[in-house]
Amino acid sequence: MMVKEIMSTPMTIDKSERIGHALDVMEKHDLRRLLVTSDGKLGGTITMRQIARVLGTRQRLGLPASSLHVTSATSDSVIKVHPDMKIEDAVTLLQKTSVLVVMEEEKILGWVRPKDMLKALRITGLAADAMRTPLTATPSDRLIHVRRVMLDQDVGRLPVMENGKLIGIVSERDVAKSLRAFKDLVPSSQQEARIKNLLVSDIMSRDVRSLMIDTPLEEARKRMLELDLGGMPVLNQNNELVGMLTRRCFFDYLVKQR
């Protein structure tokens with residue numbers, strides 16, 4: 001199977017637009033990333049994680065998301081692939097990036113996101129075989145702390161634990177949306193002092209979906225696609241958190257099996 005058989009139609013945004021508009025587009029279309037263009041040509045990507053990075057920096061405290069241009073959160077590190085690339089090779093590339101842009105010369109034909117790739121895969125094994133060691137947060141952690149952990153550790157979500165129990169999850173989407181609301185609502189002169197008061201308990205999702213350690217990977221794949229989740233906590237038979245299964249975990253596992 002080739003990349004052109006699994007690619008989807010990308011959503012783009014012009015580099016002259018504002019970050020607030022980019023977030024609105026992502027929310028409307030349930031996306032975590034957009035392609036950034038200039039005069040119809042590819043200029044890079046903007047993701048929830050990059051937006052969270054920019055909105056949380058001290059030098060941009062006091063500036064609303066509506067005043068920041070897309071270019072301030074654009075990454076020009078883009079992996080371009082040919083439509084005839086085999087998906088086995090594309091899986092390896094997706095271990096290192098959030099999207100592959102399918103191009104022929106300068107024309108954008110489509111993109112392959114982790115979700116697109118996951119739809120095309122069939123995987124044997126159990127959740128225990130592919131999961132990674134989980135990084136966690138607590139309800140009392142500060143938002144600025146979990147943002148830093150996500151950026152430093154290159155993860156998109158953290159299970160939230162309290163007294164040894166899984167009570168929620170916080171994602172880069174939650175962080176980006178909360179920082180935008182904070183910057184739009186809190187007067188600029190008060191932002192640096194008050195941002196420290198934003199806690200994980202204020203922004204986390206309590207309706208957390210999880211997997212059991214012996215869940216077949218094929219079943220886990222289908223559930224993540226049905227629920228449109230980028231990752232799910234993994235529990236053992238005592239309902240203790242033992243791992244995290246993300247889309248990237250699937251790709252890492254498949255490459256190791258070759």
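A cavity is a set of points, on a 1 Å grid over the protein atoms alone, where a 1.4 Å probe fits but cannot get out, and a pocket is an open set with protein on both sides within 12 Å along at least five of seven lines; lining residues have an atom within 4 Å of a point. Grid points are joined across faces, edges and corners, and a volume is the space filled by probe spheres set on the points.

The views below show a predicted model, in which local features need pLDDT of at least 70 and side-chain atom pairs count only at pLDDT 80 or more, while totals for chains, interfaces and linings use all residues. Residues are numbered from 1 along each chain as its sequence is written, and side-chain values use heavy atoms, with hydrogens and water left out.

**View 1. The largest cavity.** The structure holds one cavity of 30 Å³ or more. The volume of the largest cavity is about 50 Å³. Its lining is made up of Asp30, Leu31, Arg32, Arg33, Arg113, Pro114, Lys115 and Arg247. By class, two of the lining residues are nonpolar, none is polar and six are charged (Ala, Val, Leu, Ile, Met, Phe, Trp, Tyr, Cys and Pro count as nonpolar, Asp, Glu, Lys and Arg as charged, and the others, Gly among them, as polar).

**View 2. The largest pocket.** This pocket has a volume of about 750 Å³ and a lining of 31 residues. Nearest its centre lie Arg49, Thr97, Ser98, Asp154 and Arg248. Two or more lining residues come from each of β3 (41-47), α2 (48-55) and α11 (helices are DSSP runs of H or I with at least four residues, strands are runs of E with at least two, and both are numbered from the N terminus). Helix α11 supplies the largest share, five residues. The lining has nine nonpolar, ten polar and twelve charged residues.

**View 3. The second largest pocket.** About 440 Å³ of space lies here, lined by 20 residues. Arg32, Ile169, Ser171, Ser205 and Leu229 are nearest the centre of this pocket. The elements giving two or more residues to the lining are β8 (165-171), α7 (172-185) and β10 (231-235), and α7 gives the most, with four. Six lining residues are nonpolar, four polar and ten charged.

**View 4. Ser178 in helix α7.** Ser178 is found in helix α7. The residue is buried, at a relative accessible area of 18% (buried means under 20%, exposed over 50%, partly exposed in between, with a 1.4 Å probe and protein chains only). Leaving aside residues up to four places away in sequence, Ser178 touches Leu143 and Ile203 (contact means heavy atoms within 4.5 Å).

**View 5. The packing of helix α11.** In α11 (residues 247-257), the buried residues are Arg247, Cys249, Phe250, Phe251 and Tyr253. These buried residues pack against α3 (87-94), α4 (114-120), α5 (127-130), α10 (217-227) and β11 (241-246). Arg247 also belongs to the lining of the largest cavity.

**View 6. The whole chain, for orientation.** The protein has eleven helices and eleven strands. Its C-alpha trace spans about 55 × 55 × 25 Å along the principal axes. Of the 258 residues, 48% count as buried. Among contacts between residues at least 6 apart in sequence, 64% join residues at least 24 apart.
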